[in-house]
Amino acid sequence: MRKKIVAGNWKMNTLLKDGMELAKAVEKLEKDKQSDALLIIAPPYTHLSRVNDLIDNVKLAAQNCASEESGAYTGEIAPDMLVSAGVEYVIIGHSERRSYYHEDNELLNKKTKLAISKGLKPIFCCGEVLEEREQGRLFDVIREQLTVGLAGLNMEDIKQVVIAYEPVWAIGTGVVATPDQAQEMHKFIRDLLIELFDKEVADNMTILYGGSCKPSNASELFANPDVDGGLIGGASLKAEDFLGIANAY
Ligand code: PEP
């Protein structure tokens with residue numbers, strides 16, 4: 001059985017006090033959750049260690065990490081530092097990192113390998129922009145992002161990874177992929193994992209959908225056989241909506 005996950009990416013939102021309140025509210029609502037989905041929250045770096053003291057059943061993620069272990073990299077946060085703050089998961093390759101900070105597949109591969117070597121579980125994001133979809137290049141783009149992004153991972157490493165398919169045209173736009181579009185790409189990703197690793201890896205990989213997911217559209221997305229949960233942006237900033245999505249299973 002694959003692990004079902006609903007992960008909240010808070011992005012650059014909430015001041016510390018509000019973030020702590022939100023984390024407390026998510027942890028409280030988690031107790032009454034009506035599904036077996038694991039809940040993960042990814043607050044900003046500045047909140048991580050304080051939030052870690054407030055959660056128990058809910059797991060902690062960072063939104064990014066450095067590609068280097070330590071040293072003269074001003075402004076960067078090393079995987080070891082995240083682990084020392086109680087972080088278990090790390091989002092790698094979010095489309096906002098790829099487009100605004102020019103993080104390419106090679107750099108993301110380096111981050112992924114380093115994160116795993118330090119004991120973190122990457123939530124590795126992939127997704128095509130609208131133009132790539134319209135030009136029919138969507139499968140090539142995802143193949144490239146995953147083939148390069150996950151290159152060099154051994155059979156133990158890959159078991160630590162969660163994949164998030166996030167079509168860029170659906171992120172923060174209110175335009176959600178149709179259940180068929182999501183299933184088609186998730187199936188493609190699972191088949192690709194057979195090619196890159198093996199069937200056992202593919203069968204056990206949790207593949208999340210991300211992009212304008214809300215309580216009102218989550219059930220039809222999660223009803224797809226290859227959709228194992230969601231990576232949630234906007235709707236993760238309200239505890240009730242976030243739990244509403246988890247309860248959509
Ligand atoms: C995201 O940024 O990962 C995301 C899915 O955002 P939203 O849910 O707001 O579209």
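**Surface, fold and two residues**

Tutor: This is a predicted model. The chain exposes about 11200 Å², and carbon and sulfur atoms supply 51% of that area.

Student: And how much of the chain is buried?
Tutor: Of the 249 residues in the chain, 52% are buried.

Student: How many helices and strands are there?
Tutor: The chain has 12 helices and 8 strands. Its radius of gyration is 17 Å, close to the 18 Å that the globule rule gives for 249 residues, so the chain is as compact as a globular protein of that length.

Student: What does the C-alpha trace span along its principal axes?
Tutor: About 45 × 45 × 35 Å. As for contacts with a separation of 6 or more, 72% of them come from residues 24 or more positions apart.

Student: Let's switch to helix packing. At what angle do helix 1 and helix 12 pack?
Tutor: The angle is about 35°, and the axes of the two helices are 9 Å apart. Helix 1 covers residues 16-30, while helix 12 covers residues 239-246.

Student: Is that crossing of helix 1 and helix 12 right-handed or left-handed?
Tutor: Right-handed.

Student: Which residues meet there, helix 1 to helix 12?
Tutor: From helix 1 you have Leu22, Ala25, Val26, Leu29 and Glu30, and they meet Ala239, Glu240, Phe242 and Leu243 of helix 12.

Student: Now Ser236. Where is its place?
Tutor: Ser236 sits in the loop between strand 8 (229-232) and helix 12.

Student: Buried or exposed, that Ser236?
Tutor: Ser236 has a relative accessible area of 1%, so it counts as buried, the cut-off being under 20%.

Student: What is Ser236 in contact with, leaving aside neighbours within four places in sequence?
Tutor: Gly8, Asn9, Trp10, Leu22 and Phe242.

Student: Last one, Lys113. Which helix is it in?
Tutor: Lys113 lies in helix 5, residues 105-117. Its relative accessible area is 38%, so Lys113 is partly exposed.

Student: How are Lys113 and Asn224 separated?
Tutor: Their C-alpha atoms are separated by 30 Å, and the two residues are 111 residues apart along the chain.

Note on methods:
Residues numbered from 1 in each chain as written. Predicted model: local features only at pLDDT ≥ 70, side-chain atom pairs only at ≥ 80, totals over all residues. Heavy atoms only, no water. Axes fitted to C-alpha atoms, helices over the stretch in contact; angles between N-to-C directions. Helix = DSSP H or I, 4+ residues; strand = E, 2+ residues; numbered from the N terminus. Left-handed = near helix turned anticlockwise from the far one by under 90°. Contact = heavy atoms within 4.5 Å. Rg over C-alpha atoms; globule rule 2.2 N^0.38 Å. Buried < 20%, exposed > 50% of the residue type's maximum accessible area, 1.4 Å probe, protein only. Areas by Shrake-Rupley, 256 points an atom, 1.4 Å probe, with all protein chains shown as cover.
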